[in-house]
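Please read the points below with the model open beside you. They are meant to be checked one at a time.

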Amino acid sequence: MNNIKIGWLCSYTPEEIITAAGLKPVRMLGNGLPIQDADTFLHSNLCPYVRNILDMGLQGEWNDLQGVVFVNSCDAMRRLSDAYRKYVKPGYHHLIDLPKINDDLAIDYFARSLKSFASSLEREFNVRIEDENLLESIKILNKTRRLIRELYLLRVNNDCHISSAELFHKTVHFLSEPKTDSLNYEISQFRHELERSTVKRNHSKLSADKRPNILVTGCIISQPELIELVEEAGGYVPVEDLCTSLRHFEGCVKEEGDPYSSLAERYLKRVPCARMQNIRLKLKYLLSLIHDFHIDGVIYYTIKFCDQFLYDFPLLKIELEKFNIPSLHLQGDYSLGSLGQMLTRLAAFIELLNERKPEQRL
Amino acid sequence: MMKENIWQYILSHKTTRWLMLNLYVKRYKKRLKSNSNPRNALLYEVSKLYRKYFSPGSKVAWTSVYAYPPEITYSFGLLPFDFEITSGIIAGLGLGSRVLDAATDRGYSTDTCGFHRGGIGAAMEGYLPRPLIMVSTTNFCDGKPKVYELLSSYYGREFILIDVPHKRDVSAVDYVSRQLENSILRIERATGLKFNERKFHDHISNFNKMTGYLERIDELKKHSPCPFEGDRAYRFQFPLFLLWGTGTSVKLCENLYNELKRKIDSGVSSRENIRLLWMGVFPNYKTEIFTTLRKKYHARIVCHEYCHMGIERIDEDDPFNGLARRLVNSWLLGPVENRIEHALQLVKEYGCHGVIHHSHWGCRHTMGGLGSLREAFLDRGIPFLNLDMDGMDESNYFPGQVKTRIESFMEMFQ
């Protein structure tokens, strides 16, 4: 792997292809600082994550990237792709066309989009992406996915010596780094370390430490502050369903056949983000997490103007109520400043969970 | 409030709604008799369509008529119903805040598009016809397919989503064309209705004839003073989407063309100092914007970017490919440069002196490109005004502020 860094933003970016080209994929996460220059180019009613990324680009914070790969994830991301290309001028720019559906036609079309992405990398960086290199990358990323899932599974019945926030922070670190054998080794070592220090948790009634288990789901969270806040308010977060945590790693790519078709199938059939058409599958996945991780309540987190996630919440809330799972919608602006105001609501929610009788729980 | 309550009562009860629709049909028929202009003819046709939606035994397909081809929907004998257009009509009746509140009360965020939220609210208040099936596409924004998915769950009906890529190439056209063909089988399976191929070819042929008239109408609109300006052209062409592919749409456009031609031939007398291009939706409630522009400054909106949506002839020997091409070729898809290029071409062709862009609250795909749009016009010395408003929610319209901004903008032309 050479030292050419390629930035990526959306969880639907096939890191495998960048890795197979011998380039370093780097996840671009915002710093949550107030927007300074981006509002000149993007409307202030647009996703704050997207505006934060552009702002950082305008301030030269992405200068070490030789290119950026965008995905046609949402209206805001498409407009970021335009503005970034025009005003930040990365050396290489590519937008992957991601379908919203996942039937055979869509998989076939997406496989061709991925091939065209690979060809553009080959042209731009004068490299060759052989099928065998791609298969090798697929194997490495599949291993990362399995290891991360194991990390989360450790928390099903155990307390770890580190907090949920620390574990989330670590997951974001693993997610952001280029996927290599050495990263997988680092994750394995971390997993062993955690395994040695876990303590059995009691889920028969309230947890041993009286903290209710909370699932944090929703759109992008890059910093662990929200998780810290949940813990500060008296909750325990054994799992998050976010594009910066477990959801990103769910589902492996088939390690045989045409690699582009296998990649297309995995990305279109993985646990869906709200931008995909499949709210029923999303709900099914949430219910499986609720069951597996003994969840008492769900926090649905959105950042302002993230329409796709905003539209899903009312229906998910109704469906969760059918299973007697209370939920709370929190909205932030991707800045650290917005979190403080949430503490009171979080504390009230956790108090509600604590007051529920054990038989009221799932 | 009193008026709003009466409307609420009328729309949410079957009998009163039916009586109201009959009254509207009669009213527009009478109006058409006394003044047979194309606008009255369109209102009469659309009022009849809305009455049909609620007629016993009617077969309604919820669809985005500017996206999923009505030529296909009509070929099943299905009536295409568009919740976004209906949201606009509801706002025009003064019930916008009622349906928006209905959605907000059910947890739908006020940050999202009012037309979409209005559709949810109206559906849940029982104002809208029940669908037999729902079909839409991914263009142009994220909110629309999302609302379809949610409401398909609410109504318990199948939703077919056609995925339209953001690239304009042969593979994208082929991908969409195959999805459109597949949608025929899926609609047949879900509704038990048969697709009538002969009718389909007639509808395609009608669309081409209508397009021929619309192209000629566009030529007439380039005349100064413009014979069909302001919100009138927009309010004609938007409801017209509901009738695409029908013989009625051809007749309406033919009559409009003849009327505009007569108007020009007889010499349009009104004064026109400034010609403007409008981008983004028009507000669907009463505003003073157009009368101020027209009367105070003799400024005319001679062109609206949305009036040019999908006006592309279909190859009658390969209709699915042609329909796919119509979807894929939209300038609202792909990079913002596509939209800029199209707008600059309109400015040139229509001899516009300036541009007004409406950033409709919640419309990320249009407001998202604002910076680049502004820059493109100003770089070429074309005055550009952005209005942050809401096409649906009147409570987000501040007449004083908008008036001041328009006045300052108009000063640039003095």
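1. A residue is called buried under 20% relative accessible area, exposed over 50%, and partly exposed in between (1.4 Å probe, protein chains only). At 73% relative accessibility, A:N126 therefore counts as exposed. A:N126 has a positive phi of about 50° although it is not a glycine, and its place is the loop between α4 and α5 (131–153) of chain A.

2. This is a predicted model: local features need pLDDT of at least 70, side-chain atom pairs count only at pLDDT 80 or more, and totals for chains, interfaces and linings use all residues. Residues are numbered from 1 along each chain as its sequence is written, chains are lettered from A in the order in which they are written, and side-chain values use heavy atoms, leaving out hydrogens and water.

3. A:N324 also deserves a look: its phi is positive, near 65°, and it is not a glycine. The residue sits in the loop between α12 (307–322) and β10 of chain A, and its relative accessibility of 33% makes it partly exposed. Most residues other than glycine have a negative phi, and most peptide bonds are trans.

4. Chain B has cis peptide bonds to check. One runs from B:N139 to B:F140, with omega near 15°; B:F140 belongs to the loop between β3 and α8 (143–155) of chain B. Another joins B:S224 and B:P225, with omega about 0°, and B:P225 lies in the loop between α10 (197–221) and α11 (231–240) of chain B.

5. In chain A, 4 strands form an open parallel sheet in the order β8-β7-β9-β10. Helices (H or I, at least four residues) and strands (E, at least two) are DSSP runs, numbered from the N terminus, and two strands pair if DSSP finds at least two bridges between them. Why do β8 (236–241) and β10 (327–332) of chain A each have one side without a neighbour in the sheet? They stand at the edges, so each has a single partner strand. Strand β9 (residues 297–303) of chain A is joined to β10(A) by 6 bridges, and A:Y300 stands opposite A:H329 in β10(A).

6. How many residues of each chain are in contact between chain A and chain B? Contact means heavy atoms within 4.5 Å; 42 residues of chain A touch 51 residues of chain B in this sense. The count of salt bridges between the chains is 7, each being a side-chain nitrogen of Lys or Arg within 4 Å of a carboxyl oxygen of Asp or Glu. One salt bridge links A:D312 and B:K146 (3.1 Å, N to O).
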